[in-house]
Amino acid sequence: MDLFHNLAIGFATAAQPANLLYAFVGCLLGTLIGVLPGLGPLATIAMLLPITYALPPDAALIMLAGIYYGAQYGGSTTAIVVNLPGESSSVVTTIDGYQMAKQGRAGVALATAAIGSFFAGCVATLALAALAGPLTATALLFGPKEFFALMILGLILASVLSSGPFIEGIGMVVLGMLLSLVGTDLNSGSQRFAFGVPQLFDGLDFVPLAMGIFGFAEIVKNLEQDDKLSLVTQKITNLFPTRDDFRRMVPAMLRGTALGTLLGVLPGGGAVLSSFASYTLEKKLSRRPEEFGKGAIEGVAGPESANNAGAQTSFIPLLTLGVPSNVVMALMVGAMNIHNIHPGPEVMTKNPTLFWGLIVSMWVGNLMLLILNLPLVGLWVKLLTIPYRYLFPAIMVFCSIGVYSINSGTFEVYEAALFCVFGYVLIKLQLPAAPLLLGLVLGPAIEENFRRAMVLSRGDVTALFTSPLSASLLAAAAIAILLIMLPTIRARREEALQE
């Protein structure tokens with residue numbers, strides 16, 4: 001009964017006209033940036049963070065969440081019609097989706113992607129609602145030692161599952177944690193690494209950093225690429241799949257939804273890992289594996305269901321434990337901190353309208369996305385003909401205005417420009433930027449919980465291993481590091497990432 005009562009609270013919040021409007025704006029923007037190759041949800045959310053200052057907390061999070069899972073829908077459109085993924089989780093959709101489009105079945109492929117995403121999104125949101133209560137109750141039993149160990153494990157697993165060499169991933173995590181030290185020490189009141197600059201006394205501003213590394217740097221990289229796209233020239237018709245299509249796609253949708261729901265919860269998981277794992281699973285289970293790569297409908301239904309389920313269940317560890325499972329969730333932490341909301345079990349107990357309103361808005365958003373994507377597919381395809389050189393200058397100008405509006409000063413603009421150069425260097429050196437942001441976001445919480453644990457134990461570090469739960473979590477982190485160092489495991493990881 002408590003679940004139904006909480007869902008009623010959520011519906012009352014999500015059904016408010018203003019929240020419905022922001023959910024629609026988020027879904028619309030998510031579809032748009034999913035369709036446009038080169039602009040993913042990570043860059044878009046980073047660039048829209050300044051707007052959230054002027055919004056109520058529930059409206060801001062509902063809109064940003066809509067951008068994230070909306071991009072999973074939109075990314076399939078370019079993957080199928082242009083053979084170019086609009087979003088990283090849609091990479092595998094290009095393999096069979098584009099082949100279906102070349103065979104004149106682009107409409108069926110787009111409908112399969114939209115139906116699979118809608119079904120998976122609804123199931124994942126139900127899982128989020130069902131697991132929220134038990135996980136939050138468990139998290140309330142955690143002390144400083146347990147939270148410290150949990151966050152360390154989360155960072156290690158995120159580095160293991162992220163692209164790029166493991167050592168480089170760990171190095172970027174450490175760099176992010178070092179950047180989080182800039183500012184005033186809350187215990188002693190002394191300045192750390194501020195170098196006498198007043199604007200750094202409160203630490204590095206999250207918004208210019210995220211916008212520079214993940215927004216502006218990505219735009220600069222995309223300007224190096226060719227604008228020309230090869231669109232499927234046939235008119236997109238016959239959106240409804242046949243009976244045989246349904247017979248083949250439904251089992252793939254169910255498997256993709258289940259896999260995405262599970263993998264989305266893991267640190268480093270989310271939409272990208274879910275879609276790749278689903279395609280591999282479908283190919284191994286198929287009675288006709290030779291059709292994969294030549295237009296197999298399972299190769300569209302499974303990954304598209306998995307990436308949407310993974311995108312929405314990645315909110316589970318963020319909202320219940322306060323641990324972001326991927327870099328987009330780290331940006332959501334930044335958005336919550338802007339409104340002085342600390343992610344974790346207290347969100348559900350102190351802000352139930354925000355918590356349940358966000359969950360219910362995902363159901364509403366999935367319905368909006370189904371309406372936006374199927375009937376308006378022709379419009380989204382036409383947008384692909386707009387050259388990048390016209391889009392990106394306008395985006396840069398509006399985002400710079402947004403950064404300036406944070407404190408009505410130029411320091412934040414210079415800060416964003418500096419981190420844009422830094423982010424571009426990381427791209428050129430092929431260093432992963434996502435672990436850096438996770439380290440930056442979790443750094444203060446790790447430091448705070450470690451200090452609390454040391455105060456309670458009178459400086460005894462071995463106290464971290466006296467609690468069975470914290471000892472188990474730290475042991476799991478150590479085992480993960482040892483396993484990834486084994487040559488056979490490391491070779492398999494690199495092979496999987498290359499695929």
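Which residues of α2 are buried? In this predicted model, the buried residues of α2 are N19, A23, G26, C27, G30, T31, I33, G34 and V35. The points below set out the surroundings of that helix, two further helices and the confidence of the prediction.

**Helix α2**
- Helix α2 covers residues 17-35, a run of 19 residues.
- From the first C-alpha to the last, α2 reaches 27 Å, close to the 27 Å expected at 1.5 Å a residue.
- Its buried residues pack against α1 (2-14), α3 (41-48), α4 (57-81), α16 (352-373) and α17 (377-383).

**Helix α6**
- Helix α6 (residues 106-139) has 34 residues, which should span 50 Å at 1.5 Å a residue; the end C-alpha atoms are 46 Å apart, in agreement with that expectation.
- In α6 there is a kink of about 35 degrees at A132, shortly before the proline P134.

**Aromatic pairs and helix α19**
- Seven aromatic pairs are present in the structure.
- F419 and F422 form an edge-to-face aromatic pair, with 6.5 Å from centre to centre and 80 degrees between the planes.
- These two residues lie three residues apart in helix α19, so about one helical turn separates F419 from F422.
- F419 is buried, at a relative accessible area of 9%, whereas F422 is partly exposed, at 29%.

**Confidence**
- The protein chain has an average pLDDT of 80, and 89% of the residues score at least 70.

Definitions and conventions
Residues numbered from 1 in each chain as written. Predicted model: local features only at pLDDT ≥ 70, side-chain atom pairs only at ≥ 80, totals over all residues. Heavy atoms only, no water. pLDDT = per-residue confidence, 0-100. Phe/Tyr/Trp six-rings, centres within 6.5 Å; stacked < 30°, edge-to-face > 60°. Helix = DSSP H or I, 4+ residues; strand = E, 2+ residues; numbered from the N terminus. Buried < 20%, exposed > 50% of the residue type's maximum accessible area, 1.4 Å probe, protein only. Expected span 1.5 Å × (residues − 1). Bend = angle between axes of the 7 residues up to and from the residue. Contact = heavy atoms within 4.5 Å.
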